[in-house]
Amino acid sequence: MNVYDSARMADVLAPLGYAQADGPEDADMVILNTCHIREKAAEKVYSELGRLRQIKEQRTEDNPEDSGPLLAVAGCVAQAEAAEMLARAPFLDIVLGPQTYHRLPEMIARAERAAKKGAGTKGRKGAGVLDTEFPDEAKFDHLPRARADAAVAGCTAFLTIQEGCDKFCTFCVVPYTRGVEFSRPGQAVLEECRALVEAGVREITLLGQNVNAYHGAAPNEGATGVAGTTWDLAELIAQLAEIDGLERVRYTTSHPRDMDLGLYAAHGNCEKLMPYLHLPAQSGSDRILAAMNRGYTAAEYQASVAQLRQVRPDIALSGDFIVGFPGESEADFEATMELVASVNYAQAYSFKYSPRPGTPAAMLEDQVPDDVRGERLQRLQALLDSQQQAFNQQMLGRRLRLLLDQPGRRPGQLVGRSPYMQAVHLDGPASMLGQMVEVEITDAHANSLAGQLIFGAQGPDLQPTAAMAPPENTIGMERII
Ligand code: 5AD
Ligand code: SF4
């Protein structure tokens, strides 16, 4: 979501003449968009700020006319620690939360006025403009319709449809930093998606902290629409799938409690909905799940997985796990290992529990020692890695449809995403970027696959174009034409 937010900040700033700079050395402004979810992420902000301060001071030293870049911190660390942050980093010009970035132009005007006054004084204090409110007006209503990032990013894009969270898991800061749950109206989402598709986007990832709790206002379509009704996520996906040119839809992150029949059904009947789901379990112990306030048991989680696999047997599952939540015993941890073994993940993220200030779990007495957390994390990650490896291995020899979304590291190499979210490397001309192609998987690694283009044996909507001519000088290409 921070990637999406950063892109939207660029949209807000474009009319002011700002464009992306190559680095902080030649920038007029630097915005750090920050994450507060775990301590490690939050601490990085301060080390990065130290580096930026030096750049700012150096620029003033080199040229007294240059007051250096305006320094801003955005996002959830700013939201949670605004006052402390200004005290620790008095050289900051702007501190803003995730719900106020549509007001950046006003903040910049204030900060620039202050910077002009103080320009040339080494070590001058920053403007200290602060805006971490949860405003009544939704920021989305004030963001430009055009997405400047679409043309740049190419064929895939994030689209926030829901923000905030009312679930209050006892370990989590999100309800405090992102605010209450909010769903964007269906019409606004459709319009943003259509604009992205017009700009060349073919795959959209719908975002929300609790994306499957989505309940946005349904457009009131005259005689057929009923005012006051809402769309849930499955209905929204069905509407988005109608957009010509949009090939793929994904969504993240889901809460197991909000999986419903419509959404299971969508995984079975919506072709554009990709067979990949990130469904965080967090733990496999019912005792710990209750202490986390997750609202489901391990058996209920497994039932969700079974239902998904019934409608979409090949669905790739991903998850999040926290080890060493306060009070987690060896037996609780073993229950997590058992859940993982029974689900068999295609890919997953796992973290040591990180006490977050102000959350209920941080106040609990029986914190698990760091070495125990570390040791459990290693065991869990070894199991998850072996599952990921096995999932990738089973792709060998299979034909997969890819959306080629990035150039590779080497010249002549491209990277695409499989339906199951795997990165697949292959040889092909840059002119094929943005296209859907079919490949045969020739190699499987821990974190990616390698494949060869299949020409002529296209899938249902794969139209060979001039751009799909095989690249020149590509060894081995003749063999498969
Ligand atoms: N400690 C460790 N991991 C956390 N997460 C959220 N809060 C914490 C915390 N305090 C993890 C959860 C969540 C993911 C985004 O980050 O697994 O799903
Ligand atoms: Fe945090 Fe997700 Fe729990 Fe909400 S549902 S409190 S975002 S972990």
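## Before you start

Residues are numbered from 1 along each chain as its sequence is written, while chains are lettered from A and ligands numbered from 1 in the order in which they are written. Because the model is predicted, local features need pLDDT of at least 70 and side-chain atom pairs count only at pLDDT 80 or more, though totals for chains, interfaces and linings use all residues; side-chain values use heavy atoms, leaving out hydrogens and water.

## Around ligand 1

Let's begin with ligand 1. Its shell (residues with a heavy atom within 4 Å of the ligand) includes Ile-37, Arg-38, Phe-171, Gln-282, Asp-320 and Ile-322. By class, this shell has 5 nonpolar, 2 polar and 4 charged residues. Here Ala, Val, Leu, Ile, Met, Phe, Trp, Tyr, Cys and Pro count as nonpolar, Asp, Glu, Lys and Arg as charged, and the others, Gly among them, as polar.

Oxygen atoms of the ligand lie 2.8 Å from a side-chain N or O atom of Arg-38 and 2.6 Å from one of Gln-282. A ligand nitrogen is 2.9 Å from a polar backbone atom of Phe-171. Of the 400 Å² of accessible area that ligand 1 has on its own, the protein covers 87% (Shrake-Rupley method, 1.4 Å probe).

## Around ligand 2

Phe-171 also belongs to the surroundings of ligand 2, as do Cys-165, Cys-169, Cys-172, His-255 and Arg-294, among others. This shell has 7 nonpolar, 2 polar and 2 charged residues.

## Strand β13

Strands β13 (316-323) and β14 (347-352) each give at least two residues to the shell of ligand 1; strands are DSSP runs of E, at least two residues, numbered from the N terminus. How many residues of β13 are buried? The count is 8 of the 8, so the strand is largely enclosed by the rest of the structure. Buried means under 20% relative accessible area, exposed over 50%, and partly exposed in between (1.4 Å probe, protein chains only).

β13 runs parallel to β14, joined by 6 bridges, with Val-323 opposite Lys-352. It also pairs in the parallel sense with β12 (residues 276-278) over 3 bridges; pairing takes at least two DSSP bridges.

## The cysteines

The structure holds 0 disulfides (cysteine sulfur pairs within 2.5 Å). For Cys-35, the nearest cysteine sulfur is that of Cys-76, 6.7 Å away. Cys-35 is partly exposed at 33% relative accessibility. For Cys-270, the nearest is the sulfur of Cys-193, at 12 Å; Cys-270 is buried, at 11%.

Definitions and conventions
A polar contact is a pair of N or O atoms within 3.5 Å; within protein, one must be able to donate a hydrogen and the other to accept it, and residues adjacent in sequence count only if both atoms are side-chain atoms. Helices (H or I, at least four residues) and strands (E, at least two) are DSSP runs, numbered from the N terminus.
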